[in-house]
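Take your time and find each spot as we get to it.

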Amino acid sequence: MPLGISLDSNIFQAGSTLDGSVYFDISKEVAAKECVAVLKGYEHARVEYEEGTDANRRERTAMATRQLIEMALPIDDTMIIDGKIAAGKYQMKFKVDLPEGLPSSMEASGRSFSDRCSIEYEIR
């Protein structure tokens, strides 16, 4: 089942409204209770550093991931009739208000290529 998601704008910020559409093509009838898309956002960090003194110097790596947001996007599911979706091509629009205080997407590198942090958002 080919699936696609498009956003009406590729720039959005905390507190703004995210508008878009979910597209999919079903080749044969499928059973379904609901149709849901989920917005997820993560913060990733990786830092390599050295600790100790001369003879006891050791390289260390610290990594962390933190989930910033996970929210269901309300999608029109009127195509579900009697617990089934008929074969066909579908487009469902969604609109959701993003929470205030959500950090911006970003990526940064430190002194070496391995020092890096990022904040990424995705819709699935």
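Lys84 and Glu29 meet through their side chains in a salt bridge, 3.9 Å from N to O. This pair ties together distant parts of the chain: Lys84 sits in strand 7, Glu29 sits in the loop between strand 2 and strand 3, and 55 residues separate them. Lys84 is partly exposed, with a relative accessible area of 40%. Keep in mind that you're looking at a predicted model.

How many salt bridges does a search of the whole structure find? It turns up 3. Here they are side by side:

| Pair | N to O distance |
|---|---|
| Lys84 and Glu29 | 3.9 Å |
| Lys95 and Asp19 | 3.8 Å |
| Arg66 and Glu43 | 2.9 Å |

Lys95 and Asp19 form a salt bridge, and this one also links distant parts of the chain: Lys95 belongs to strand 8, Asp19 to strand 2, and they are 76 residues apart. Lys95 counts as exposed because its relative accessibility is 57%, and the cut-off for exposed is over 50%. Asp19, at 25%, counts as partly exposed.

Then there's the salt bridge between Arg66 and Glu43. Arg66 is partly exposed at 47% relative accessibility, and Glu43 is partly exposed at 26%.

Now zoom out. Of its 124 residues, 23% are buried.

Some of these strands build an open sheet: there are 3 strands in it, in the order 1-2-8, with antiparallel pairing. Which strands are at the edges? Strand 1 (3–7) and strand 8 (88–97) are, as each pairs on one side only. From one strand to the next, the twist averages 20°. Strand 1 and strand 2 are joined by 5 bridges; Gly4, for instance, has Tyr23 in strand 2 as its bridge partner. Strand 2 (residues 17–26) and strand 8 are joined by 10 bridges. Along that pairing, Thr17 is partnered with Asp97, and Asp25 stands opposite Lys89.

What about the inside? The largest nonpolar core has 21 residues, and Phe24 and Met92 have the most contacts inside it. Strand 2, strand 4 (37–51), strand 5 (58–73) and strand 8 each supply at least two residues of this core.

Ile5, Leu7 and Phe12 make a nonpolar patch on the surface, with about 210 Å² of accessible area together. Ile5 is part of strand 1 and is partly exposed, at 33% relative accessible area.

Two loop residues are worth a click as well. Cys35 is in the loop between strand 3 (30–31) and strand 4. Is Cys35 buried or exposed? Its relative accessibility is 17%, so Cys35 counts as buried, the limit being under 20%. Cys35 and Leu73 are 38 residues apart in sequence, while their C-alpha atoms are 9.7 Å apart in space.

The other is Asp82, in the loop between strand 6 (80–81) and strand 7 (84–85). Most residues other than glycine have a negative phi. Asp82 has a positive phi, near 55°, and is exposed, with a relative accessible area of 75%.

Note on methods
Residues numbered from 1 in each chain as written. Predicted model: local features only at pLDDT ≥ 70, side-chain atom pairs only at ≥ 80, totals over all residues. Heavy atoms only, no water. Pairing = 2+ DSSP bridges. Helix = DSSP H or I, 4+ residues; strand = E, 2+ residues; numbered from the N terminus. Axes fitted to C-alpha atoms, helices over the stretch in contact; angles between N-to-C directions. Patch = residues over 30% accessible without salt bridge, like charges linked within 9 Å, V, L, I, M, F, W, Y side chains within 5 Å. Areas by Shrake-Rupley, 256 points an atom, 1.4 Å probe, with all protein chains shown as cover. Salt bridge = Lys/Arg side-chain N within 4 Å of Asp/Glu carboxyl O. Buried < 20%, exposed > 50% of the residue type's maximum accessible area, 1.4 Å probe, protein only. Core = buried A, V, L, I, M, F, W, Y, C linked by side-chain atoms within 4.5 Å.
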